[in-house]
Amino acid sequence: MKKIFTVLLSVAAMALAENVQVLEPSGAEFSTDAPQVVKSILRSAVAQTGNTPVESSADIQIRTTLSTMGSSIVVVVEQLKDGTVVGSGRQKTPTVDDLDVAIDNAVKAALANLDAGNAPQSAAYAPEASYDDGPEVVYVVPVERRSSEDPNDNFAHKRPTRNYVSYGLGMAMWHNYDFVEDDCGQYKNSDECHEDLDEDRSWEQAFVFHYGRIFEVVPHAAITIINNMNISFGSEWEWHETFLIGGRYFVSTGNITPYVGLGVGLGIQTDGHYEDSDEGFAIGLATGAELGVIMFRNSATQLEIGLAWDALWDGFESFDRRFGSGSFYVAINY
């Protein structure tokens, strides 16, 4: 009995279903793929009402407008028939996370005067156990969504974060520090003291491997974890690496975005120029600055061109021995 009743309801729904043309939404340009995503949600919402979403011209159309009101997004869906508004729905959501729910509810309200949506929904909610030879009872259970103002929720609503992994390669120029043996009496810090052990500051080219994690917490700023590793195969072996935690400031939010950044952390250095291996090895505090540009910023995959400069001190107490490196790299962020 239940199956026969469900089939009859489905046939009746198909007969009553209307073709609804889904127009291009306006105000959904907050990201590159947002218009297409919003339109897909609109088609799904129309289908859930029991009507048929179409791309071609139809007697019934829905027009959708998204706009911001403070930190919230307002969704207005209007049903048009022969160019006249015959139904509308409005919903407001505090975040993009709940935008799909707001669109669903707005579409249902706008198409409420169409009978096609009632029959399939009743059939869908009819439980198996409610059918016997007696009358049918349909139970509709409302789903409650926690409001953003719920006192039991976090007082500050969490903003979704876009994060990227970054890999890059490039060239670098590194330097060590002047070393003069310090136990020569009156010749201390002089070129006449232990000339066989003294080492002037060296500048050499190196290769750089760039790795990073970028967490865009707001459109103009990001938290960063940057690791630059320089390796030189010049006159002597050299390995210079820093691990920095810091931030970036994006000058704009466009598709091509310049940025500046700072970071602080730890570093390690091995340098074969010195006779004493203790002088050529360093581990300690490190700082760095970066400047660059990101292309295709609004895409899930980005191209980054960056310049970085970092400094590494041997130990945490003395700042006399400083290694440094300047890097140029091209990276892919995804």
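Q: In which strand does T68 lie, and why is T68 called exposed?
A: T68 lies in strand β3; strands are DSSP runs of E with at least two residues, helices are runs of H or I with at least four residues, and both are numbered from the N terminus. A residue is buried under 20% relative accessible area, exposed over 50% and partly exposed in between, with a 1.4 Å probe and protein chains only. T68 has a relative accessible area of 66%, and therefore counts as exposed.

Q: What kind of model is this, and which residues and atoms count?
A: This is a predicted model, in which local features need pLDDT of at least 70 and side-chain atom pairs count only at pLDDT 80 or more, while totals for chains, interfaces and linings use all residues. Residues are numbered from 1 along each chain as its sequence is written, and side-chain values use heavy atoms, with hydrogens and water left out.

Q: How far apart are T68 and P94 in sequence and in space?
A: T68 and P94 are 26 residues apart in sequence, and their C-alpha atoms are 9.6 Å apart in space.

Q: What makes E29 an exposed residue, and where is its place?
A: The place of E29 is in the loop between β1 (19-22) and α2. Its relative accessible area is 58%, so the residue passes the cut-off for exposed. E29 and L66 are 37 residues apart in sequence and 9.3 Å apart in space, C-alpha to C-alpha.

Q: How do you know whether D82 and F296 are exposed or partly exposed?
A: D82, in the loop between β4 (72-81) and β5 (84-93), has 67% relative accessibility and so counts as exposed. F296, in the loop between β11 (281-295) and β12 (302-313), has a relative accessible area of 44% and is therefore partly exposed.

Q: Why is the contact of R43 with E55 called a salt bridge?
A: A salt bridge is a side-chain nitrogen of Lys or Arg within 4 Å of a carboxyl oxygen of Asp or Glu. The closest N and O atoms of R43 and E55 are 3.1 Å apart, so the pair meets this definition. R43 lies in helix α2 (residues 34-48) and E55 in the loop between β2 (52-54) and β3 (60-69), so the pair ties together parts that are 12 residues apart in sequence. R43, at 23% relative accessibility, is partly exposed, as is E55, with 47%. R43 and E55 are linked with E24 and K39 in a network of salt bridges.

Q: How many salt bridges does the whole structure have, and which residues does R248 pair with?
A: A search of the whole structure finds eight salt bridges. R248 forms one with E290, the closest N and O atoms being 2.9 Å apart. This pair links strand β9 (residues 237-250), which holds R248, to strand β11, which holds E290, across 42 residues. R248 also forms one with E304, at 2.7 Å between the closest N and O atoms. Here R248 in β9 and E304 in β12 tie together parts that are 56 residues apart in sequence. R248 and E290 are buried, and so is E304.

Q: Which strands supply the lining of the largest cavity?
A: β8 (221-233), β9, β10, β11 and β12 each supply at least two residues, and β9 gives the largest share, four residues.
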